[in-house]
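Subject: Structure handover and notes

Hello,

Here is the structure I promised you, with the sequence alongside.

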Amino acid sequence: MKFETVTEFTDYLYHLPKLHEKSDLRYVKRILAELGHPEREVKCCHITGTNGKGSTAYYLSNLLQKAGQRTGLFVSPFIVSFNERIQLNGQPISDQELLAIANQVEDKIAEIQKTEPDFSLVTFEYEVAMAFLYFAKQKCDYAVIEVGIGAEHDKTNVITPAVSLITTIGLDHEQIIGPTMADIAREKSGIIKKQVPAVLGDIPESVKGIVEDKLEKEDSQGYWLGKDFSVMEKDQQTEISLPQKYLLPAMPEAEGKDAAMALKAFSCLGLTLAPGDAEAAITETTVPGRYQKLGEAPMLLLDGAHNVQAGENLLRYADQLAGQRGGQVLVLTAMMKDKDLSDFLSLFQAKNLLLTSLPYPRAAKQADFPAWAQEKFPYEADLKIALDQQLQQAKENDIVLVTGSFYLVSAVLQLVKKNRQTK
């Protein structure tokens, strides 16, 4: 098979299975070996975490670019186009390059199948193989690699990185890497490698011992947020101390921690960057679909939060922002039905919240929401109507918070773009 268009490729990719019968790395290791081990040709920064790993990846990528490093970035999910998943120096891979590496991976799969007819890749393995191949071909100095789910069994966990990062540990994907917080901590600790420095963020006290045991086992130096580096609000600015101090414009608390993680990880790489340049790299970073603001009267605040930890951080920031504007927070939510709908929605019980849905098989429809939420919150199946309804209700100084899924954020951004084009 030869892919002629990106649509043809992504249609094929999304029809691949999501999981193998056994959760191991043999398939991704096999394809990477056939490709000549591109994952060994680039120094990597490997990032996991229940929340914050995407923002941290973007911040670290920008720091590396500012230091003159040719930098690859592999992140998920994408917001507008698939090409965002694989970036070079902040630019998504071109359609032409995407098709070239996809066809190269497809050719190698065909080669393997000559002797191993049952060999196949799941969707994420295919994406991982493409990313490493592209970064090697582009001769990147560094690649910032965000895991898919977990760490130890994640398909990206085929590298010995220059630095490992665990941004947060909380409850999400319990059915895959849980069910307990301890299970999740053990899985995420799998990113820690022998004698590779590890930067550690919001880790609950109850599972810190699991991470410390892994650090000791791997003889790795751990750098802990709140102990070895810190972030605080000071005079309406965000101050990060490594101990080198960095002063940034005020940021949401969670984003400040992510920026601190990125700065600390950068400091582990032996590269030099003047404090002013590092501050500029952080402030110039735009993280798609995370604390993203559009418009002012009312303001749209978009964030793909879909678990309790991320939702609490987001709501705290939205309330603070609304207070500064003298307004209220209205909420528009759609979620995937395999998420923890009840606990997430319970965060917004005091809000004017409208439930909606998306045209995806995984998207929750009205009947999928918990009974109490169906009774408490109105539901509008059509996203465009739902968005218009919340915007029309909102006063000029209010905030309409769009959250619950990155799919929702993507769909709303595309609606907003379409509205602007037709005006």
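Two strands are said to pair if DSSP finds at least two bridges between them. Helices (H or I, at least four residues) and strands (E, at least two) are DSSP runs, numbered from the N terminus. This is a predicted model, in which local features need pLDDT of at least 70 and side-chain atom pairs count only at pLDDT 80 or more, while totals for chains, interfaces and linings use all residues. Residues are numbered from 1 along each chain as its sequence is written, and side-chain values use heavy atoms, with hydrogens and water left out.

**An open sheet with helices on it**

Five strands make up an open, mixed sheet, in the order S12-S13-S16-S14-S15. Strand S12 (292-294) and strand S15 (352-355) are the edge strands; each has a single partner, so one side of each has no neighbour in the sheet. From one strand to the next, the twist averages 20°. For angles, axes are lines fitted to C-alpha atoms (for helices over the stretch in contact), and values run from 0 to 180 degrees between N-to-C directions.

Strand S14 (residues 329-333) pairs with S15 in the parallel sense, over four bridges. Within that pairing, Leu-332 has Leu-354 of S15 as its bridge partner. Helix H14 (residues 383-393) packs on the sheet and touches S13, S14, S15 and S16; its direction makes about 180° with that of S14. Helix H11 (residues 308-325) lies across S12, strand S13 (299-303), S14 and strand S16 (399-403), and H11 runs at about 165° to S16. Contact here means heavy atoms within 4.5 Å.

**Strand S2 and its partners**

Strand S2 (residues 71-74) is covered on both faces: Thr-71 and Leu-73 on one side, and Gly-72 and Phe-74 on the other, are all buried. Buried means under 20% relative accessible area, exposed means over 50%, and partly exposed is in between (1.4 Å probe, protein chains only). S2 runs parallel to S5, joined by four bridges, with Leu-73 opposite Val-144 in S5. S2 is also joined to S3 by three bridges, and these two run antiparallel; here Phe-74 stands opposite Ile-86 in S3.

**The nonpolar cores**

A nonpolar core is a set of buried Ala, Val, Leu, Ile, Met, Phe, Trp, Tyr and Cys residues joined through side-chain atoms within 4.5 Å. The largest has 41 residues, of which Phe-9, Ile-31, Val-105, Tyr-126, Met-130 and Phe-135 touch the most other members. Helix H1 (6-14), helix H2 (26-34), strand S3 (86-88), helix H4 (95-115), helix H5 (123-137) and strand S5 (142-146) each supply at least two residues of this core. H5 gives the largest share, ten residues.

Leaving aside neighbours within four places in sequence, the contacts of Tyr-126 include Phe-3, Phe-9, Tyr-12, Val-105 and Leu-121. There is also a second, separate core of 35 residues, which includes Ala-57, Leu-64, Val-199 and Ala-259.

Helix H10 (residues 275-283) has Ala-278, Ala-280, Ala-281 and Ile-282 as its buried residues. They pack against helix H3 (53-66), strand S11 (245-249) and helix H9 (253-267).

**Aromatic rings**

Rings of Phe, Tyr and Trp (its six-membered ring) pair if their centres lie within 6.5 Å; planes under 30 degrees apart count as stacked, over 60 as edge-to-face and the rest as tilted. By this rule there are 14 aromatic pairs. The rings of Phe-3 and Tyr-12 have centres 5.2 Å apart and planes at 50°, so this pair is tilted. Phe-3 is buried at 3% relative accessibility, and Tyr-12 is partly exposed at 23%. Phe-344 and Phe-348 also form a tilted pair, with ring centres 5.4 Å apart and planes at 50°. Phe-344 is buried at 1%, as is Phe-348 at 0%. Ring pairs link Phe-3, Phe-9, Tyr-12, Phe-78, Phe-82 and Tyr-126 into a cluster.

**Cysteines**

How many disulfides does a search of the whole structure find? The count is zero, with a disulfide taken as a pair of cysteine sulfur atoms within 2.5 Å. The cysteine sulfur closest to that of Cys-44 is in Cys-45, 7.5 Å away, which is too far for a bond. Cys-44 is buried, with a relative accessible area of 2%, and Cys-45 is buried at 0%.

Best wishes
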